Amino acid sequence: MWTQIVGKIRLAHAPMVNHWWQVTLYVTPRGLTTSAIPYGNEIFDIEFDFIDHQLVIRSSTGATRTVRLEPK
């Protein structure tokens, strides 16, 4: 469910590519990431950090937010 939500956010904001390739999550040393997503004049990314069990949202403005990966 977490990956579906992140995928829908990326689908809504990333420019369309054939077969929805812009929604792909990429493997990182700590988990999965969306890579950069444009948002107005800024960009942000979302990373699943499976080491610390959190979802990390980083913005090009320097802001960072985290959400614990736990049942809601």
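Trainee: How many aromatic pairs does the structure hold?

Mentor: The structure holds two aromatic pairs, where rings of Phe, Tyr and Trp (its six-membered ring) pair if their centres lie within 6.5 Å. Please note that this is a predicted model, in which local features need pLDDT of at least 70 and side-chain atom pairs count only at pLDDT 80 or more, while totals for chains, interfaces and linings use all residues. Residues are numbered from 1 along each chain as its sequence is written, and side-chain values use heavy atoms, with hydrogens and water left out.

Trainee: What kind of aromatic pair do tyrosine 39 and phenylalanine 44 form?

Mentor: Tyrosine 39 and phenylalanine 44 form an edge-to-face pair, with 6.1 Å centre to centre and 85° between the planes. Planes under 30 degrees apart count as stacked, over 60 as edge-to-face and the rest as tilted.

Trainee: Why are two values quoted?

Mentor: A pair of aromatic rings is described by the distance of the centres and the angle of the planes.

Trainee: And phenylalanine 44, is that buried or exposed?

Mentor: Phenylalanine 44 counts as buried because its relative accessibility is 14%, whereas tyrosine 39 is exposed at 51%. Buried means under 20% relative accessible area, exposed over 50%, and partly exposed in between (1.4 Å probe, protein chains only).

Trainee: Changing topic, which pattern does the chain follow along the sequence?

Mentor: The pattern is α-β-β-β-β-β-β, that is, one helix and six strands. Helices (H or I, at least four residues) and strands (E, at least two) are DSSP runs, numbered from the N terminus.

Trainee: What share of the residues is buried?

Mentor: Buried residues make up 25% of the 72 residues. As for contacts (heavy atoms within 4.5 Å), residues 24 or more positions apart account for 20% of those with a separation of 6 or more.

Trainee: On to charges: how many salt bridges are there?

Mentor: There are four salt bridges, each being a side-chain nitrogen of Lys or Arg within 4 Å of a carboxyl oxygen of Asp or Glu. One of them joins arginine 30 to aspartate 52, with the closest N and O atoms 2.8 Å apart. This pair links distant parts of the chain, 22 residues apart: arginine 30 in the loop between β1 and β2, and aspartate 52 in the loop between β4 and β5.

Trainee: Which residue forms a salt bridge with aspartate 45?

Mentor: The partner is arginine 58, the closest N and O atoms being 2.8 Å apart. Aspartate 45 is in strand β4 and arginine 58 in strand β5, 13 residues apart. Aspartate 45 counts as buried at 14% relative accessibility, while arginine 58 counts as partly exposed at 31%.

Trainee: Where does glutamate 47 lie, given that arginine 58 also forms a salt bridge with it?

Mentor: The closest N and O atoms of arginine 58 and glutamate 47 are 3.0 Å apart. Glutamate 47 lies in strand β4 and arginine 58 in strand β5, so the pair ties together parts that are eleven residues apart in sequence. Glutamate 47 counts as buried, at 11% relative accessibility. Elsewhere, salt bridges that share partners join Arg30, Asp49 and Asp52 into one network.

Trainee: Lastly, which residues make the nonpolar surface patch?

Mentor: Leu11, Met16 and Trp20 make this patch of about 340 Å². Patches are made of residues with over 30% relative accessible area and no salt bridge; like charges are joined within 9 Å, and nonpolar side chains (Val, Leu, Ile, Met, Phe, Trp, Tyr) within 5 Å. Accessible areas come from the Shrake-Rupley method with a 1.4 Å probe, and for residues only the protein chains shown count as cover. Tryptophan 20 lies in the loop between α1 (2–13) and β1 (26–27) and counts as exposed at 53% relative accessibility.
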